[in-house]
Amino acid sequence: KPNIEWPKSHQRYRTMMMEKMDILNTWHHKIPPYIARNLSASSFVETLISPLLHILSPPTIRPVAFQLLSDKEKNDLAQLVSTMVSYTITYKTVKSDILPQTQRCDVVDSLARSLVPPISDFINLKDYTSNHYVLSIAIKQLLVHDVRLH
Amino acid sequence: MLWVDKYRPKTLDQVMVHTDIAHNLKKLVTEQDSPHLLFYGPSGSGKKTLIMALLRQMFGPGAEKVKVENRTWKIDAGSRSLDLELTTLSSANHIEMSPSDAGFQDRYIVQEVIKEMAKNRPIDTKGKKGFKVLVLNDVDKLSREAQHSLRRTMEKYSAYCRLILCCNSSSRVTEAIRSRCLNVRINAPSEEQIVQVLEFIGKKEGLQLPPGFAARIAEKSNRNLRRAILSFETCRVLQYPFTNKQAIPPMDWEEYISEIASDIMKEQSPKRLFQVRGKLYELLINCIPPEIILKRLLYELLRKLDAELKHEVCHWAAYYEYRMRLGQKAIFHIEAFVAKFMSIYKSFLIATFG
């Protein structure tokens with residue numbers, strides 16, 4: 001006997017699609033107008049998000065003190081922070097003392113990976129693995145700090 | 001700041017692609033009375049850049065000083081009262097908005113904004129311009145009712161308010177509107193033009209490009225300049241100095257569709273069709289437009305097909321895309337295309353190999 005699934009799966013799809021579109025529209029409105037006016041939210045996934053996620057996760061950044069970086073590395077870091085600021089992007093931070101001791105490491109590790117807004121969700125497709133480099137937590141914390149300074 | 005924003009031309013004189021159009025637009029606004037304009041062309045071709053440069057030509061650098069406003073209009077629509085909310089960008093001389101964001105209430109937005117601009121028109125006729133400009137984005141996404149309303153309103157207030165309309169596809173803008181605008185077609189840039197832009201950016205950033213590197217990026221960009229520049233910056237971030245054979249990272253959703261095409265080619269069964277449907281839903285959920293899914297899926301399937309079947313498969317893709325535009329639920333039509341493809345392909349395999 002065939003398993004008719006239309007109503008349930010389609011309703012779920014509609015709900016999730018509207019949630020995702022809401023994320024894009026909210027983000028679009030937060031981006032400064034001199035950038036946002038050149039984009040429509042519908043072109044974000046089509047053109048922007050995949051390359052932007054690569055640009056936000058360079059494999060070359062070293063988690064060392066600023067004065068130990070070469071001039072090129074300092075320039076690259078400044079460029080990355082500038083991009084995050086101009087697109088209103090940062091990483092979610094978690095106060096680790098809130099969590100019980102046993103959960104602290106795993107949960108902090110997991111949450112610390114999250115971008116705000118959660119644009120990497122748009123490439124988390126079922127049965128698909130993207131090859132974006134993942135920054136270490138130390139680097140993410142450094143970036144959060146620098147973005148906040150702006 | 002991303003290169004795609006950093007190196008965007010600000011004035012008509014700085015425009016690198018579409019220099020002839022920029023030149024004509026400059027002449028157009030120099031002679032006092034400019035008509036309504038309709039800019040159309042594919043995504044990433046430079047429509048918005050030209051529009052912004054045009055506004056600057058008309059109103060000076062003040063056109064760049066825009067503020068974001070979340071506005072609410074109270075509409076008396078006969079038997080009921082509506083509150084419409086929309087985000088607009090405005091300077092002293094112009095407003096930018098995407099009225100299709102209002103959904104099925106888009107017709108009211110169109111009327112009210114233009115009326116309001118007409119009321120607030122500058123009294124000083126000795127000033128630089130005697131009218132305000134309204135930039136409407138995604139006009140091809142407006143409902144029929146909204147386009148009819150727009151046509152009436154733009155006629156009624158044309159002395160005080162000039163429209164600049166922007167869309168991807170002019171065929172989905174009604175003839176009545178198109179005939180009242182100067183139509184400005186913005187072609188996708190050629191690969192040669194994209195290479196020129198990439199080399200310009202490379203020089204500004206002090207980069208050495210291996211021979212043919214920019215051409216490879218341009219080739220993979222689908223003639224989308226935004227995409228090409230983003231790919232270029234991605235390559236720079238992933239690996240510099242560039243190498244001759246350096247990989248150009250693909251769009252994730254395109255990779256996903258390529259995998260879907262492989263799934264379809266490997267097995268043609270109800271079970272496989274069910275799996276494919278799940279993946280199609282994934283793409284739709286993540287805001288990839290359905291017509292783009294179908295187009296890309298066709299492209300990937302054609303790459304794997306014998307020449308014998310290509311024509312028939314193209315026919316069915318066009319058939320289901322047409323029906324998709326008439327309907328409300330894109331998944332029905334995309335899945336129908338996949339099912340039809342499986343049927344055709346399986347028959348072909350049986351006929352060929354027994």
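What follows is a short chat about the two chains of a predicted model.

Q: What sort of model is this, and how is it numbered?
A: This is a predicted model, in which local features need pLDDT of at least 70, side-chain atom pairs count only at pLDDT 80 or more, and totals for chains, interfaces and linings use all residues. Residues are numbered from 1 along each chain as its sequence is written, chains are lettered from A and ligands numbered from 1 in the order in which they are written, and side-chain values use heavy atoms, with hydrogens and water left out.

Q: How many helices and strands does chain A have?
A: Six helices and two strands. Helices (H or I, at least four residues) and strands (E, at least two) are DSSP runs, numbered from the N terminus. From that end, the order in chain A is α-α-α-α-β-α-β-α.

Q: How much of chain A is buried?
A: Of its 150 residues, 42% count as buried. Buried means under 20% relative accessible area, exposed over 50%, and partly exposed in between, with a 1.4 Å probe and protein chains only.

Q: And what share of the chain A contacts comes from residues 24 or more positions apart?
A: 67% of the contacts with a separation of 6 or more. A contact means heavy atoms within 4.5 Å.

Q: Which residues of H6 in chain A are buried?
A: A:Ile139, A:Lys140, A:Leu143, A:Val144, A:Asp146 and A:Val147. The cover over the buried residues of H6(A) includes helix H4 (71–86) and strand E1 (90–91) of chain A.

Q: How far does H6 reach?
A: H6(A) covers residues 137–149, and its 13 residues reach 19 Å from the first C-alpha to the last, close to the 18 Å expected at 1.5 Å a residue. The expected span is 1.5 Å times one less than the number of residues.

Q: Now chain B. What covers the buried residues of H12?
A: The cover includes helix H3 (42–56) of chain A, together with H10 (252–266), H11 (270–285), H13 (307–326) and H14 (330–353) of chain B. Among the buried residues of H12(B) are B:Ile292, B:Arg296, B:Glu300 and B:Leu302.

Q: How is chain B divided?
A: Into domain 1 (3–185), domain 2 (191–238) and domain 3 (252–353). The bounds come from an automatic or database domain assignment.

Q: How far apart are the centres of domain 1 and domain 2 of chain B?
A: Their C-alpha centres lie 31 Å apart. Nine residues of domain 1 are in contact with 16 residues of domain 2 in chain B.

Q: How many cavities are there of 30 Å³ or more?
A: Three, in a search of the whole structure. On a 1 Å grid over the protein atoms alone, a cavity is a set of points where a 1.4 Å probe fits but cannot get out; a pocket is an open set with protein on both sides within 12 Å along at least five of seven lines; and lining residues have an atom within 4 Å of a point. Grid points are joined across faces, edges and corners, and a volume is the space filled by probe spheres set on the points.

Q: What lines the largest cavity?
A: Residues of both chains, including A:Ser50, A:His54, B:Arg227 and B:Met251. The elements that give two or more residues to this lining are H3 of chain A and H9 of chain B. The largest cavity holds about 60 Å³ of space.

Q: And the second largest pocket, what is its volume?
A: About 530 Å³. Of its 29 lining residues, the closest to the centre are A:Lys72, A:Asn75, A:Asp76, A:Leu77 and B:Arg236. H4(A) gives the largest share of the lining, eight residues.

Q: Where are the cis peptide bonds you have found?
A: One joins A:Val116 and A:Pro117, with omega about -5°, and another joins B:Tyr240 and B:Pro241, with omega about 5°. A:Pro117 is in the loop between strand E2 (115–116) and H6 of chain A, while B:Pro241 is in the loop between H9 and H10 of chain B.

Q: What is phi of B:Asp138?
A: Near 55°, a positive value in a residue other than glycine. Most residues other than glycine have a negative phi, and most peptide bonds are trans. B:Asp138 is buried, with a relative accessible area of 16%.
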